[in-house]
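Student: Please take a close look at the strands and at the loops that join them. I would like the residues described in their places, one after another.

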Amino acid sequence: MPTDDDPEILTSREAEVGGVPVRRALPQRTHRTVGAWCFADHIGPSASGVATIGPHPHIGLQTVTWVLEGELVHRDSVGSEQAIRPGQLNLMTAGGGVVHAEDPEPGLPQRGHAVQLWVAQPEATRRGAPAFEHHAELPTSELGDTTATVLVGSFAGVTSPARADTDHLGAQLFLRGRTTVPLDAGAEHAIIALDGPVALDGRALGVGRVAYLAPGRTELHLATTEPRRVLLLGGTPYPDEIHMWWNFVAASRDEITTAQQDWEARAERFPDVTSVLPRVPAPRPPWLARA
Ligand code: MN
């Protein structure tokens, strides 16, 4: 059952991606993952775009990109070239290795507001083939005064068409009053405020904070006096220990070391991707002795 510490209100870490300040809601020291969600950056809203980034590799994870304002062009080593606009979802599966770049849409500098999420892939697919999906439209469900857009997984009676290798859930809730949100008691959840403070079980949740809700809950109360969007993440607590470093998620540190070396050696598993931005060099893993 939920305790006095539930929800836990945690602070996102200030970070920077491609010169754009971001609020890193996950990982948290006390909650490395929420379901299979292992990384969550809230970008903007700002006048400096949607955090563009040159070619860089991933293994063992899916990137889930949700844009609220602005536009990006995604290119990857699967051969994808896809613009993403507000209300659309890009989902890239790294498996054993993928490279991608997120270029600015040519033209004037633009405002940007987005969420960049990672999902840890399970043992069954983490060394599998890379893949990419774009979803121009996503299913929605009305919950009283709230419209839920289901990015990944199932929520409030609708299921996203996006690939999900585990039972994780991602949904944007557009709040216009009071709402009771149904939750799966077997899952843990997180709520991230996207454009202003909301009340969560009567407690304030502002931008730059993330609420963690332990398993055992069947509902959550959200309220706002202004129209506001929040992100709901959830899933069964991730069963395996994961190693996460730089752009890699793996079952062991050795797999990460090999991926870092393969990226630096331009190995076949990480093909070249065209971008207006420079290729991102890998830092040296801190656990390797100095040469
Ligand atoms: Mn990336």
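Tutor: A strand here is a DSSP run of E with at least two residues, and strands are numbered from the N terminus. The model is predicted.

Trp 246 is found in the loop between β25 (243–245) and β26 (248–250). The phi of Trp 246 is near 50°, a positive value in a residue other than glycine. With a relative accessibility of 23%, Trp 246 counts as partly exposed. Asp 201 also belongs to a loop, the one between β20 (198–200) and β21 (203–205). Its phi is positive too, about 50°, although Asp 201 is not a glycine. Asp 201 has a relative accessibility of 30% and counts as partly exposed.

A further loop residue is His 168, placed between β16 (158–159) and β17 (169–175). His 168 is buried, its relative accessible area being 2%; the cut-off for buried is under 20%. Its side chain makes a polar contact with the side chain of Thr 166, at 2.6 Å. Leaving aside residues up to four places away in sequence, His 168 touches Ala 36, Trp 37, Gln 62, Val 119, Val 152, Gly 153, Gly 234 and Gly 235.

β17 leads on to the sheet. Seven strands form an open sheet, in the order β1-β22-β19-β24-β17-β14-β13, with antiparallel pairing. At the edges stand β1 (8–11) and β13 (140–143); each has a single partner strand, so one side of each is left without a neighbour in the sheet. On average, neighbouring strands of this sheet are turned by 25° against each other, direction ignored. Within the sheet, β19 (residues 188–193) and β22 (residues 209–213) pair in the antiparallel sense over four bridges. Ile 191 has Ala 211 in β22 as its bridge partner. In a regular strand the side chains alternate between the two faces of the sheet.

Another antiparallel pairing over four bridges joins β7 and β8 (residues 81–84). The two strands form a hairpin with four residues between them, and Gly 79 in the turn has a positive phi of about 105°. Val 73 has Ala 83 in β8 as its bridge partner.

Asp 76 lies in β7, which covers residues 72–76. Asp 76 is buried yet has no salt bridge. The nearest side chain of opposite charge, that of Arg 75, is 9.6 Å away, whereas a salt bridge needs a side-chain nitrogen of Lys or Arg within 4 Å of a carboxyl oxygen. The side chain of Asp 76 does make a polar contact with the side chain of His 74, at 2.7 Å. Not counting residues up to four places away in sequence, Asp 76 touches Met 92, Val 99, His 100, Phe 132 and Val 273.

Two cis peptide bonds complete the description. One runs from Leu 26 to Pro 27, with omega near -5°, and Pro 27 lies in the loop between β3 (20–26) and β4 (37–46). The other runs from Gly 44 to Pro 45, with omega near 5°. Pro 45 lies in strand β4.

Technical notes. Residues numbered from 1 in each chain as written. Predicted model: local features only at pLDDT ≥ 70, side-chain atom pairs only at ≥ 80, totals over all residues. Heavy atoms only, no water. Pairing = 2+ DSSP bridges. Axes fitted to C-alpha atoms, helices over the stretch in contact; angles between N-to-C directions. Buried < 20%, exposed > 50% of the residue type's maximum accessible area, 1.4 Å probe, protein only. Lys, Arg positive; Asp, Glu negative; His and termini not counted. Polar contact = N/O pair within 3.5 Å; in protein donor to acceptor, adjacent residues only side chain to side chain. Contact = heavy atoms within 4.5 Å.
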